[in-house]
Amino acid sequence: MSKVLIIGCGGVAGVAIHKCCQNSEVFTEICIASRTKSKCDDLKAKLEGTTSTKITTAQVDADDVNQLIALIKEVQPDLVMNIALPYQDLTIMDACLACGVNYMDTANYEPENLDDPEWKAAYEKRCKEEGFSAYFDYSWQWAYKEKFEKAGLTALLGSGFDPGVTQAYCAWAQKHLFDTIDTIDILDCNGGDHGYPFATNFNPEINLREVSAPGSYWENGHWVEIPAMSIKREYNFDQVGQKDMYLLHHEEIESLAKNIPNVKRIRFFMTFGQSYLTHMKCLENVGMLSTTPIEFEGHEIVPIQFLKALLPDPATLGPRTKGKTNIGCIFTGRKDGQDKTAYIYNVCDHEECYKEVGSQAISYTTGVPAMVGAMMLLTGKWNKPGVYTVEEFDPDPYMDALNKWGLPWQVNDNPELVD
Ligand code: NDP
């Protein structure tokens, strides 16, 4: 019996909302609020009659804390699910604190405007001190820890697939399979084909920022940074086949390095085809990935936002995408004095996802854990005042819920390792 305010109504939120509506016992009432209210109304119209969850909708600019506070006061939710963009994480956390409501999201904070002097100064200091230069990091949200503790509220950060499920896999491996985990390789493979020469599977701006940044990994207590896409491996993925994958910086490395005791190395690899990389390099070379506004025929435009307007909306890729995703973690370490390896992963079929909720597997593999994370907070299974990432909670109920709600996982005790 709970009421939830969901902010955002894009590709990922669409799946999370479908899943909440399949789970009406927990999600008795939801309010869908986003910048474009008509998208919320369309989804409400589609779902009503198929669910006993009561659905309302609202318009909100989530960059504006006062609008958020007014909406939260009106809706009176038990939890705010932020499935808008990472740009809104801090304003939504501020509004949750002001109204005394729990918070969750699917991606850590990054600023929309990378030229903001205050942010830039903090960023440059962090690059120097920490040794990685991605635009996103946990420091901004970890800074809210004491405020949430004092307010007796829980903030769950990054409950998507990666970050999210990958950290639950790590916590579960630590709890059930290993005495010590030495290395973690997170492998994110999308073997899907949407038939377009170039499209991104989730928000293009966030996606292209992430994959065009320098790569980095954690080794022996510090970050090692490398030029973008300069470490490549091949891997034979179960039910997908052989793929090229590249080492990227990824946010869960930062929290896992703190929360998995004595871990020696953590890396993240994502698969990309040559055509995707060539398109991306070309767009980068001509300045289309820039976030700095330019003047064009009397208008100010941000190149990457203009590019977003040209690219297919990820929410429309569902009916066109065929193939499977395979995302998981390979562990090496020790158990009872013996060397041990394990690979925990999920395989998800784009076409099956489309049949079930009308979306491709990238939104599905993120939207399901968003609902599952919310369910953990709403049912009191995860309840710890402060600001936490997924691996800081008991993984068992989350892992059970993934099996039940569409993302079943499996364990291979003898996987091919990545060199
Ligand atoms: P979309 O661009 O499809 O959707 C974003 C939604 O947020 C849209 O409905 C948009 O409204 C809304 N929005 C944007 N700005 C505002 C604002 N100022 N006020 C109110 N609403 C706003 O993104 P995705 O669904 O692809 O991604 C959603 C989130 O999921 C992102 O944070 C992304 O980083 C994260 N993600 C996490 C993954 C993981 O595994 N952890 C994987 C993939 C994504 P409008 O329709 O008007 O534009």
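Author: Happy to! Let's begin with N108, which is buried at a relative accessible area of 2%; buried means under 20%, exposed over 50%, and partly exposed in between, using a 1.4 Å probe and protein chains only. Before going further, please keep in mind that this is a predicted model, where local features need pLDDT of at least 70, side-chain atom pairs count only at pLDDT 80 or more, and totals for chains, interfaces and linings use all residues. Residues are numbered from 1 along each chain as its sequence is written, and side-chain values use heavy atoms, with hydrogens and water left out.

N108 sits in the loop between strand 5 (102-105) and helix 5 (117-130); helices (H or I, at least four residues) and strands (E, at least two) are DSSP runs numbered from the N terminus. Leaving aside residues up to four places away in sequence, N108 touches P86, D89, F136, D137, Y138, Q141, E251 and E254, where contact means heavy atoms within 4.5 Å.

E110 belongs to the loop between strand 5 and helix 5 as well, and it is buried, with a relative accessible area of 3%. Its side chain meets that of R209 in a salt bridge, 2.7 Å from N to O; the term requires a side-chain nitrogen of Lys or Arg within 4 Å of a carboxyl oxygen of Asp or Glu. In general, side chains of opposite charge can pair when their charged atoms come close.

For contrast, take K175 and D394, whose closest N and O atoms are 2.9 Å apart in a salt bridge. That pair also links distant parts of the chain: K175 lies in helix 8 (residues 165-177), D394 in the loop between strand 17 (386-389) and helix 15 (395-404), and they are 219 residues apart. Here K175 is partly exposed at 44%, and D394 is partly exposed at 37% relative accessibility.

K355 counts as exposed at 64%, while E352 is partly exposed at 45%. In total, the structure holds 21 salt bridges.
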